[in-house]
Amino acid sequence: MKDFKATVAVILAAVIVLTLAACSAKKNEREANGEVVTAVVTNENGEPVTNSDGSVVTEIVSASDDENESAAEVNLHDEGKTPKTTAAQNGKEKETKENKESKNNSSSQNGTASSTTQAVTKVKNPNTVDKIKVSDVTESSMTLSWKAVTCDFYELEYKRKAAEKWETVDDSLKSSKIQLTGLESLTEYSFRLRAVIKHKAGNSESLWTYADAKTAAKDITRKIKIKVLLPARNNEKDKLVLYIKEKDKEKEKLVAKDVVFDGGSFEFETEDKYSGTVTITAKLKNAGAERKLETDKEECTIDISQIGIDIIYDDDE
């Protein structure tokens with residue numbers, strides 16, 4: 001009986017040993033074939049889990065299980081769903097997602113900028129008008145014309161030649177020719193003209209082109225009233241002499257009169273009649289100074305109020 005029990009015990013021990021050996025061999029074979037992988041167990045923060053003795057906890061991961069998980073992840077993405085991943089994978093995927101969103105936002109912003117920003121076309125300034133031609137001059141009108149340039153319209157301004165301020169004739173002139181009326185006879189005028197191109201960003205203008213012109217004189221016969229403005233110089237006295245010259249005739253003396261420099265005026269009317277344009281000269285005999293005026297009017301004014309005024313210079317200059 002004892003021998004039988006001993007024999008059974010030996011057989012069982014042999015079976016156990018053979019079984020363990022077979023399992024170990026199978027495990028080693030699987031590890032060698034890459035079918036079994038030992039991985040470190042991590043917590044939700046991606047940190048290794050340790051035993052009470054400080055050793056790292058590991059687990060066996062089946063390669064076939066990994067492959068199945070990867071396939072499922074792809075399928076889930078194909079279905080538009082989000083796969084489950086480990087904490088480390090979540091962090092990596094989150095970073096990748098943020099980078100992708102950043103790129104998408106950048107692309108979106110660039111796309112928006114491209115779609116909303118309007119390309120501004122730089123408009124070249126129009127060519128400057130070469131010159132202004134003056135024709136058909138009368139005592140109250142004249143015609144201005146110029147060679148047309150490519151533009152939307154022209155701006156034309158004028159003034160008396162001696163004046164400072166320009167006045168607008170037309171700020172949206174379409175034609176390259178214009179007749180001006182209502183001008184004063186025997187008067188010098190200055191004109192300036194520029195071409196304008198109109199666009200959304202604002203108008204583009206050429207440089208100004210200038211011209212001077214003088215209206216014709218009235219061809220009338222008349223007596224002439226002359227007014228002379230006198231200086232104000234402490235009531236000093238001098239002799240004022242007036243002369244007149246008509247067309248090609250010789251200059252003639254109209255009057256010689258003692259005047260007082262009180263800032264007032266001296267007035268005189270001719271006895272004879274004169275036609276067309278005449279030149280009147282006002283001369284101060286003692287001061288040796290004179291002023292001339294060309295006129296075709298029945299009345300005129302000569303200003304000699306500044307004649308003989310001494311200029312005082314500051315010694316510090």
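Predicted model: local features only at pLDDT ≥ 70, side-chain atom pairs only at ≥ 80, totals over all residues.
User: What makes Pro231 buried or exposed?

Analyst: Buried means a relative accessible area under 20%. Pro231 has a relative accessible area of 0%, so Pro231 is called buried. Pro231 is found in the loop between β12 (225-229) and β13.

User: Which residues are in contact with Pro231, leaving aside its neighbours within four places in sequence?

Analyst: Pro231 is in contact with Phe261, Asp262, Gly263, Ile304, Ser305 and Ile307. The word contact is used because heavy atoms lie within 4.5 Å. For one of these residues, Phe261, there is also a C-alpha separation from Pro231 of 5.0 Å, although the two are 30 residues apart along the chain.

User: How do you know that β13 and β14 pair?

Analyst: Two strands pair if there are at least two bridges between them. Strand β13 (residues 232-246) and β14 have ten bridges, in the antiparallel sense, so the two count as paired.

User: Why are β14 and β18 said to stand at the edges?

Analyst: The strand order of this open sheet of four strands is β14-β13-β17-β18, with antiparallel pairing. β14 (252-262) and β18 (289-295) each have a single partner strand, so one side of each is left without a neighbour in the sheet. From one strand to the next, the twist averages 20°.

User: What makes a set of residues a nonpolar core?

Analyst: The residues must be buried, belong to a list that includes Ile, Leu and Phe, and be joined through side-chain atoms within 4.5 Å. The largest such core here has 22 residues, and those with the most contacts inside it are Ile226, Leu240, Leu242, Phe266 and Ile304. The elements that give two or more residues to this core are β12, β13, β14, β15 (265-269), β17 (278-284) and β19 (299-303). A second, separate core has 18 residues, including Val149, Tyr154, Tyr189 and Ala211. In soluble globular proteins, nonpolar side chains tend to be buried together.

User: Which residues does Phe266 touch, not counting those up to four places away in sequence?

Analyst: Phe266 touches Ile226, Lys227, Val228, Leu230, Leu240, Leu242, Val255, Lys257 and Val259.

User: How many of the contacts between residues at least 6 apart in sequence join residues at least 24 apart?

Analyst: In the protein chain, 60% of those contacts do.

User: What does the protein chain come to in secondary structure and burial?

Analyst: The chain has three helices and 19 strands. Of its 317 residues, 25% count as buried.

Key: Residues numbered from 1 in each chain as written. Heavy atoms only, no water. Axes fitted to C-alpha atoms, helices over the stretch in contact; angles between N-to-C directions. Buried < 20%, exposed > 50% of the residue type's maximum accessible area, 1.4 Å probe, protein only.
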